Amino acid sequence: MIISFKRACAPIALGLVIGSVTLLSPNDGHAHGGATGVVKERMDVMTMIGDAMKKITAMFKRQVPYDDQEVARLAAVIAEQGGEDLTKLFPEGSLHGPSEALPAVWERWDRFQTVAAQLSEKARVLESNAPQMMPGAMMSFMDLAKTCNACHTEFRKKDEH
Amino acid sequence: MITKRRLALAVVGLGLTGLVSGFAPLPDVWEPSTERQIENISGDPKRGAYVIRTAGCIACHTDAQNGGAELAGGREFDTPYGVFRAPNITPDKETGIGGWSLAMFSDALTKGLRPDGSHYYPAFPYTSYTKMADQDVTDLKAYLDSIKPVSNEVQDHDLAFPFSVREGLGIWKALYFSDGQFQPRPEKSQAWNRGAYLVNGPGHCVECHTPRTLLGGLEAEATLEGTAKSPDGEKVPNITNHPTAGIGQWGEMDVAFLLQMGLTPDGDSVGGSMGEVVRDGTSHFTQDDIAAVSTYLLNP
């Protein structure tokens with residue numbers, strides 16, 4: 001349940017992922033435990049978001065020094081993945097391979113679109129609030145993380161492995 | 001306990017014999033070990049609005065996926081025993097719990113007893129709620145009395161034989177249920193005891209994070225060790241402080257971020273049933289309660 005998106009993922013450096021044409025190619029199917037096409041694309045996007053969240057989390061946990069510019073940059077990376085850029089990776093019925101999407105994605109498409117849009121909106125708020133770690137950025141980060149949780153709770157399969 | 005268990009096993013045998021031969025209804029072998037004096041306590045609905053977050057009532061008693069009203073029940077749980085349906089716990093007098101007294105409500109939560117005296121299935125986690133303080137039970141009732149009644153008739157469970165025989169639950173309770181309030185450990189800190197109360201009582205973490213026997217009882221010796229397959233088919237992680245199998249390497253901030261936001265240390269977001277727990281429950285916890293749960297889980 002907790003590590004399912006990470007498990008069996010080839011480690012992909014964030015810098016390589018951003019702007020990579022290869023990543024968005026529907027024929028690239030070498031990672032994510034056999035994922036191919038659009039399923040792999042969206043799993044890679046989720047990995048990218050997760051990596052960014054992990055780096056921001058480490059700063060709020062004071063495991064590494066807080067760097068407002070880095071928080072803003074990572075928040076922008078997340079913001080760029082939300083909205084239509086995310087929902088277009090979920091063509092109806094794309095449940096093949098190791099996809100962890102629930103049919104609820106298409107059954108409640110409006111809600112899915114709303115949450116996908118919130119991902120970008122909340123990330124943009126974090127980006128703009130990054131200079132003030134406490135309480136501004138922290139509160140924005142919590143809002144963003146709750147959006148991730150809402151989407152995973154409503155639209156991602158439970159871990160049944 | 002051993003005597004009780006032997007008695008129960010004997011009754012299981014007799015009961016099954018009776019069922020097979022078509023006579024001798026199952027005798028009720030379970031009785032509460034404690035009596036609660038709850039009638040004279042006054043409830044605070046505002047405090048109850050917080051208690052309901054600690055007790056995780058909302059996720060199970062709301063059919064959110066089908067647009068059901070909050071706490072009006074109807075959510076289905078498909079398990080190996082059959083389909084359970086969470087009841088309506090709004091104060092509607094016909095279809096909810098609007099006609100219940102405080103004693104009835106307390107008996108349900110802390111003794112697993114329905115108003116007619118029959119037993120609840122343990123899909124309703126009274127095995128944990130029994131540890132709730134009388135004040136919390138009373139405040140929770142006051143809160144539920146204060147919300148808008150919703151008329152929503154919920155179908156009964158649809159269970160396979162022999163689980164459909166509700167009378168058999170007395171035997172189950174004799175085997176797996178000991179009622180009684182949480183007993184604090186005086187040598188431990190206030191935060192530790194509060195955390196132990198939340199985890200084992202209202203928060204009922206043990207219900208999902210502990211493996212179950214074939215008959216659905218919690219395996220006490222494996223408390224919080226997780227399970228590869230919960231009754232609803234989900235893999236549930238080990239949250240003991242074991243350094244590799246559990247969360248022994250986590251810090252208090254890691255526990256706090258998970259409970260407040262659903263964020264795991266590796267940047268993932270939990271989703272699944274825990275996502276609901278976070279969304280409807282732990283993300284509403286006070287900072288002190290988050291810290292208390294961390295204190296207890298990391299040093300039980």
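## Chain A and its helix H2

Chain A contains 7 helices and 0 strands, and its pattern along the sequence reads α-α-α-α-α-α-α. Of its 161 residues, 53% count as buried. Among the contacts in chain A with a separation of 6 or more, 68% come from residues 24 or more positions apart. The accessible surface of chain A is about 7,500 Å², and 56% of that surface belongs to carbon and sulfur atoms; accessible areas come from the Shrake-Rupley method with a 1.4 Å probe, and for residues only the protein chains shown count as cover.

Helix H2 of chain A (residues 37-60) has 24 residues and spans 35 Å from its first C-alpha to its last, close to the 34 Å expected at 1.5 Å a residue. The expected span of a helix is 1.5 Å times one less than its number of residues. Since 22 of the 24 residues of H2(A) are buried, this helix is largely enclosed by the rest of the structure. Just after H2(A), A:Arg62 adopts a positive phi of about 60 degrees.

## Packing of H2 and H6 in chain B

Helix H2 (residues 45-55) and helix H6 (residues 134-146) of chain B pack at an angle of about 105 degrees, with their axes 7 Å apart. Axes are lines fitted to C-alpha atoms, for helices over the stretch in contact, and angles run from 0 to 180 degrees between N-to-C directions. H2(B) and H6(B) are therefore roughly perpendicular to each other; angles under 35 degrees count as roughly parallel, over 145 as roughly antiparallel, 65 to 115 as roughly perpendicular and the rest as oblique. Contributors to the contact include B:Val51 and B:Ile52 of H2(B), and B:Leu140 and B:Tyr143 of H6(B).

H6(B) has 13 residues and reaches 18 Å from its first C-alpha to its last, close to the 18 Å expected at 1.5 Å a residue. This helix is mostly covered, with 10 of its 13 residues buried; among them are B:Asp136, B:Asp139 and B:Lys141. The buried residues of H6(B) pack against H2, helix H3 (57-61), helix H4 (102-111) and helix H8 (190-200) of chain B.

## B:Thr54 in helix H2 of chain B

B:Thr54 belongs to helix H2 of chain B and is buried, with a relative accessible area of 5%. Not counting residues up to four places away in sequence, B:Thr54 touches B:Leu198, B:Pro202, B:Gly203 and B:Phe285.

## Conventions

Residues are numbered from 1 along each chain as its sequence is written, chains are lettered from A and ligands numbered from 1 in the order in which they are written, and side-chain values use heavy atoms, with hydrogens and water left out. In this predicted model, local features need pLDDT of at least 70 and side-chain atom pairs count only at pLDDT 80 or more, whereas totals for chains, interfaces and linings use all residues.

Methods. Helices (H or I, at least four residues) and strands (E, at least two) are DSSP runs, numbered from the N terminus. Contact means heavy atoms within 4.5 Å. Buried means under 20% relative accessible area, exposed over 50%, partly exposed in between (1.4 Å probe, protein chains only).
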